[in-house]
Structure formats: structure tokens, C-alpha cells
Amino acid sequence: MKNRLFKFLLGILTVTSTLLVACGDDDSDDGAELSAPEIGTPTEITQNSFFIDWPFVEGAEAYLIDVATDDEFNDLLTSYDALRNGFSEITVTGLEASTTYFVRVQAVLRDVVSDYSNVVSVTTLSEGGNSGSDTFLKNAADFPVGMAVRSNRLTGQHEQILLDEYDQITSEYEMKMNIMYPSEGNFDFTSADATVDWAIDNGLEVHGHALIWHNATPSWVENFSGTDEEFEDMIEDYIKTVVTRYKGKVKSWDVVNEAFEDNTGALRNSVFRQRMGDDYIEKCYNWVREADSEVLIFYNDYSMVIDAVKRRAAINLMKDFIDRGVPVDGFGFQMHISYDFPGKDLIASTAKEVTDLGLLLHFSELDVRANPNNDLVALTNQRALDQQIKVREVVEVYNAIPEESKFALTIWGMRDDETWLVDFWGHPDWPLLYDSDFNTKKAHTGFLEGLD
Ligand code: XIL
């Protein structure tokens, strides 16, 4: 609000001073150049309006705003066909629900008109809105509900569903080391920034995933030519650079992902262990804490329900950290499970092992395979029902853990045709809550039922 008032006053000052300059010298705008405005991400999106703003353009006395239903701007709205506006922000109103609009802006000073700004698109909310409906996950749940996202799936219907249903996002792969740190000394935060900025602009929380993961380690790190000491310095710098960049924006980080071997619980012999020693995990956790005193530090792993030996190893490490004061706040059970396994009681008892430690518990990557044995070519009604029951059980377990242990329950993707599992297992599956046409499945109903 203060910001608005400030902008308003600054706007008056800018217009006034522009007019004064213009009055003082009649020819002052001859040959003047105005730079094109840069519009930010639309916010305050409702069924029939949204808000956009842009930094002041030096010398501009007003702006011309176009809003259209096509990105070529052939179908301009009659009230937003070069609408003249004195300030560098506007609430566009009178729109249809569930409709995508495109906006562009020009700066003007008398007869001088700048180039067009960038074009931004925004989809208004659907009828019924995103507040109040108890069929939306986030409204029905008392804990944050998350979803894994990709930066190129944050518009249109994806965006609408994310805004309706979710409180939190996790980047599916764009905040991993191979993407953010592709070559030595060169960070690339393009996709990570786009994801985090979108979430912040739309009021969603961000869970950071994952700083250190053997499966997303760039080859230059695997083949690092320096000494072990140089390797460790490089990792410290990487972790601190990333954590500092997203300080105050990312709520929590999976700092080390999947550090233990299946069945034996041995520490995985990753390049990090080889170069930094058996205590590499606590080194990483300490660096995160040094960079951000507030951010929540998570350990995250798969098969935590079904692999007792591996779970014991991870839980023992957490206990040891807690005893010795190594910073750790939470534990992520990935929850890549199947429609028929594991059973509800086992999920509940293993979850209790974490909450008994006093750590936050994140069900961090839930998907429920409907076709683990590849006996289906399409999702059958029966399997969809079985999947619904399994999702319901998972949610019942999560809902019943102590309030102070709850962090979030995150679904690993939106639509069945976007799941990572098809590539991973090499055969069809339908493990998510939405089908490929953006319709909710029985699994979605199962989630809501689990909250009853
Ligand atoms: C997967 C993503 O879904 C894929 O898009 C990516 O190519 C590979 O990683 N455990 C994890 C996740 O912690 O990061 C993995 O995500 C799935 C298994």
C-alpha cells in the first residue's frame, strides 16, 4: 500500500516536472527518444481484473496501454486500445473469467511515442474463484500442499490450477546443480529465477530442491581437476551463492538428496563423499546455515517407508546431527509409491520415526504408480479407484501427524502425461491427480477424502 502511495506521488512529480520542462521550452521534445517500458509479471489476478506495473520511463508524461485476447494484438479490448494512463501501473478491469489476455505498453511525451514494451500474458481466474471452494486442495488442507513445477509450465491452465490448488512449489529439476552451475565459475539462474519470481509474485511458497544430488551433478564437478581442498571451497562457494541469492524467497532447501545406498544404508560413494570425506553432509548443512540463518534445512530420500535399513541409516544421521547441534530442520520422504504398496500402517509408523525426532516431515515427491507391473495400456476404472484409496491413505497419515511436525505434502507434477515416471520406467503410467486434459482424477478425490 505504501508502495502504491509512493508511486502515486512520484507519478505526479514526474508528470508535473515533465510538463514544466515541456512548457519552458516548446521544442524540448523534438527528436526526443523515449525508451520502451518493461512490464513486470501481472499480480492481483481475479476473475475479472489484474494489476501490472513497470518502472517509470524517463521523460514520459503518460503511457498507452493495449490489452488484447491474442498476442498479435488484433483483437484489442475496446476500452484498452491505446488507453492513456498517467501512472506506471494500472489495474485492468472488466475482463472475462478464465480468459488469457495479452498486454503491452508504450511511453509517450506529446507526439513522441516509444517502442512497445515486452508483452505479458495473464489468465484470469475461473468462475467460482480460487478462494472458498473446498474442492481445491489448499483450501481443504490445514497444511501446505505443494507441487513440482517446471518454469515453462507456469502459464495458462497450469497456472490457473497451481493458483487454485497449491500453497507451495518445488522446482522439478531447474534448481539442481547441473542446471544452476553448468560450468566452473558460471552460474545460470535463468530458470530458477523465473520459477521463484513467479511463486513470489503469486504468493506461493518455494521449497528449494536440491543443492547436492549425485544424479544432478555436472560433469565438470564429477571430473574436477583441482585438489580436494579446492573442491571443498568450490562447493562451499556454490552452496553459499545459491542460498544467499534466494534468501527470504526460498523457505527451505533439500540440501543433500539421496545420500544412502539402497538395502545396505551405506553412505553413497558420490564425488562429494570422495572429495570432502564422510562428513560432507554436515559441512553442507553448516554452509547453508551460515548463508541463511532462517532457511529450513532438509534431508530428502526415497524408499524411506519400505527400506528399513536405509531409513535407519538416515534417521541415525539426523539423530547424530541433532545431538551434536548440526543444523537440520526437516526430513523428506519422497513417496514415489504404488497403488498397492506400501500399506497405510507402515507409512504411518515410519512417519512417526521422523516426527518423534522433533523434525518437520515433508512428503516431498508424491506420485502413485497405477501400472507398476506394466499390465495396463490405459488407466482402468478399477486401478483409478485403487489409486484413489492409496492417495487417501497417504493424506490420512500426513493429516494425522502432530501439527508441529507438518511442513507440506508435495505432489510430483500436475498431469499424468507430464510425469517423470514414464521415462524412468519406460512404460505407461498415470500417477498424478490430473489427467492429460487438466481434469481431476479419482486420485484428486482421494486427496480430499484423506482430509475428512
Ligand atoms: C526427477 C525429475 O522429475 C525429472 O524431471 C528429472 O529429469 C530427474 O529428476 N528423486 C528426486 C527428484 O529427488 O529430484 C527426481 O526428479 C525424482 C527422484
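Domain bounds here come from an automatic or database domain assignment. On that basis the chain splits into domain 1 (2-123) and domain 2 (137-449), with 41 Å between their centres, taken over C-alpha atoms. The contact (heavy atoms within 4.5 Å) draws on 4 residues from domain 1 and 5 residues from domain 2. About 460 Å² is buried between domain 1 and domain 2, and carbon and sulfur atoms give 49% of that; buried area is the accessible area (1.4 Å probe) that two parts lose on being put together, summed over both.

This is a predicted model, where local features need pLDDT of at least 70 and side-chain atom pairs count only at pLDDT 80 or more, while totals for chains, interfaces and linings use all residues. Residues are numbered from 1 along each chain as its sequence is written, and side-chain values use heavy atoms, with hydrogens and water left out.

Now for the cavities. There are 3 of 30 Å³ or more, a cavity being a set of points, on a 1 Å grid over the protein atoms alone, where a 1.4 Å probe fits but cannot get out. Grid points are joined across faces, edges and corners, and a volume is the space filled by probe spheres set on the points. The largest cavity comes to about 90 Å³. Lining it (an atom within 4 Å of a point) are 15 residues, with Met147, Ala148, Arg153, Met414 and Glu418 the closest to its centre. Among the elements, β8 gives the most to this lining, with 3 residues; strands are DSSP runs (E, at least two), numbered from the N terminus.

Key. 1 Å grid on protein atoms, 1.4 Å probe; cavity = no way out; pocket = protein on both sides within 12 Å on 5 of 7 lines; lining within 4 Å. Helix = DSSP H or I, 4+ residues; strand = E, 2+ residues; numbered from the N terminus.
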